[in-house]
Amino acid sequence: MGKARKKNRTHAKPEEGENPNAVKVPKTFVMRSGEVGSSVMGLVGDIRRLMEPNTATKLRERKNNRLRDFVAVAGPLGVTHFVILSRTEHGTNMRISRVPRGPTLSFQVKTYSLAKDIAAMQKAPKSPGLEFQVAPLLVLNNFGDSNEMKLMSTVFQNMFPPINIQTMQLADARRVVLLNYNSETKHIDFRHYNVSVKPVGISKSIKRVITTAVPDLKGFDDISDYVLRGAFASESDVEDGPDSTVTLGQDYVGRNNRRQDQRAIKLVELGPRMELKLVKIQAGMCDGEVLYHDFIKRSPEELKAQKAERQKKAQEKAARRKAQEANVVKKKAEKAAEKEAHRIATGGAPRKAGEDEDDEEEAHDGKRKRAADDEDEEEEEQDEEEQYQDDSDNYSDMGDLAPQFSDDEDEGAFSGEDDDHMEGLSDDE
């Protein structure tokens, strides 16, 4: 008998010093669906940059890729969310899905600006430094108490690592993602900022001397002229507002930003900038029951009929699966019977029940080894899927939303061609 194979890849023990109960960091795949053009491709790249370091920056999509291909690799890589951008004749759309079983939020991208456009509008754009080595902070504003708002805010929160105020380092607060909901227009303003600190109570000239290595002395005869010109500075050049002034609780990145020093907080927009509108919420992974639709409303009778239809489809699917399993068992039995009949016809003695088959296995050692390897790989894939589904229980994020309301699965005026069978990224069998 061969030695049992040890599964090191899917059953690896945690390394020494690693806490198995530690909070898992959410990770994302940001991808396009179908032909989107250069502008949307630039937006995909900017969102990947925003989600660093917990995203696949160099992810490549191909025309023959399907949604199930990305779902299959998401489990071993620890990916928890998909951000899918597409473009149709109605405009640009974005879907955010919790892997592997939903829910899925569908948005219309009303307007957007790329990071390079934001930098072009600034007088002195900041070059990116080390701020992308840590995940950004998330700020949600004006999200209401309705079911869809609660679910949407929960999905956004779960896309970024949680914050522990007791153990967080101040130097990790380098970037901020701001989401502001406008209740009048029902649009979400999406902004991405860099956090920087500046000295307070001094003029701009002194700030440049403190914060930069070499000040620009062009047009001055002496350094004293550069420093003393602060006496003629305006009030806005010297003072910072009290709302933006804080006392550092820890040492912060940058020159002379030490603990207990007073600094003014400055936000510099990095981009991208988007204006989103929530259109639809689905219970599954880009499919399933429509929990919310902004364009289509259904009566209680229609909702009840839709629920009955879904239950009927689920029962039919379960019956087909049961029939397939029975057919597999039947075919295996027929194959075993044919094999036994052939063995007897070629002069072999009838095998008794429970007879050891070691001799036959040793005769076919090569074939047996290949079959065992295939079986182990299949078991590993099943173990990965079960383990990942247990770790990523998507419906815990839905709260009280799922049983509360449901709408037609027809996407109406929103989706057009951007449905679950989208070119280049669909889940067709």
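**View 1. The largest cavity holds about 100 Å³ of space.** This is a predicted model, and a search of the whole structure turns up four cavities of 30 Å³ or more. Around the largest cavity sit Ile-47, Leu-50, Met-51, Val-83, Met-94, Ile-96, Phe-156, Met-159, Phe-160, Phe-190 and Met-274. Two elements, H1 and strand S3 (91–98), each give two or more residues to that lining. Why look for gaps with a probe at all? Rolling one the size of a water molecule over the atoms shows where empty space is left.

**View 2. Zooming out, here is the whole chain, with its 10 helices and 11 strands.** Of its 429 residues, 34% count as buried. The accessible surface comes to about 26,900 Å², and carbon and sulfur atoms make up 49% of it. Now look at who touches whom: among contacts with a separation of 6 or more, 71% are between residues 24 or more positions apart.

**View 3. The largest nonpolar core brings together 36 residues.** Which of its members touch the most others? They are Leu-85, Met-94, Phe-107 and Met-152. Pick out Met-94 and you can follow its contacts to Ile-47, Val-83, Ile-84, Leu-85, Leu-105, Ser-106, Phe-107, Val-109 and Leu-276, leaving aside residues up to four places away in sequence. There is also a second, separate core of 12 residues, with Leu-59, Ala-74, Val-79 and Met-285 among them. As a general point, nonpolar side chains in soluble globular proteins tend to be buried together.

**View 4. Val-109 sits in strand S4 (residues 104–113).** Is Val-109 buried or exposed? With a relative accessible area of 7%, Val-109 is buried, because the cut-off for buried is under 20%. Not counting residues up to four places away in sequence, Val-109 touches Thr-92, Asn-93, Met-94, Glu-275 and Leu-276.

**View 5. Glu-61 and Arg-32 pair up in a salt bridge, with their closest N and O atoms 3.9 Å apart.** This pair links distant parts of the chain, 29 residues apart: Glu-61 is in the loop between helix H1 (37–50) and helix H2 (67–77), while Arg-32 is in strand S1 (residues 28–33). Glu-61 counts as buried, at 14% relative accessibility.

**View 6. Asp-294 meets Lys-277 in a salt bridge, and their closest N and O atoms are 3.5 Å apart.** Here too, distant parts of the chain are linked. Asp-294 belongs to the loop between strand S11 (290–293) and helix H8 (300–345), and Lys-277 to strand S10 (residues 273–282), 17 residues apart. Both Asp-294 and Lys-277 are buried.

**View 7. Glu-289 and Arg-310 form a salt bridge through their side chains, at 3.6 Å from N to O.** Glu-289 lies in the loop between S10 and S11 and Arg-310 lies in helix H8, so this pair ties together parts that are 21 residues apart in sequence. How do the two count by accessibility? Glu-289 is partly exposed at 23%, and Arg-310 is partly exposed at 22%. Elsewhere, salt bridges that share partners join Arg-32, Arg-48 and Glu-61 into one network. The count of salt bridges comes to seven.

Technical notes: Residues numbered from 1 in each chain as written. Predicted model: local features only at pLDDT ≥ 70, side-chain atom pairs only at ≥ 80, totals over all residues. Heavy atoms only, no water. Core = buried A, V, L, I, M, F, W, Y, C linked by side-chain atoms within 4.5 Å. Buried < 20%, exposed > 50% of the residue type's maximum accessible area, 1.4 Å probe, protein only. Contact = heavy atoms within 4.5 Å. Helix = DSSP H or I, 4+ residues; strand = E, 2+ residues; numbered from the N terminus. Salt bridge = Lys/Arg side-chain N within 4 Å of Asp/Glu carboxyl O. Areas by Shrake-Rupley, 256 points an atom, 1.4 Å probe, with all protein chains shown as cover. 1 Å grid on protein atoms, 1.4 Å probe; cavity = no way out; pocket = protein on both sides within 12 Å on 5 of 7 lines; lining within 4 Å. Points joined across faces, edges and corners; volume = space filled by probe spheres on them.
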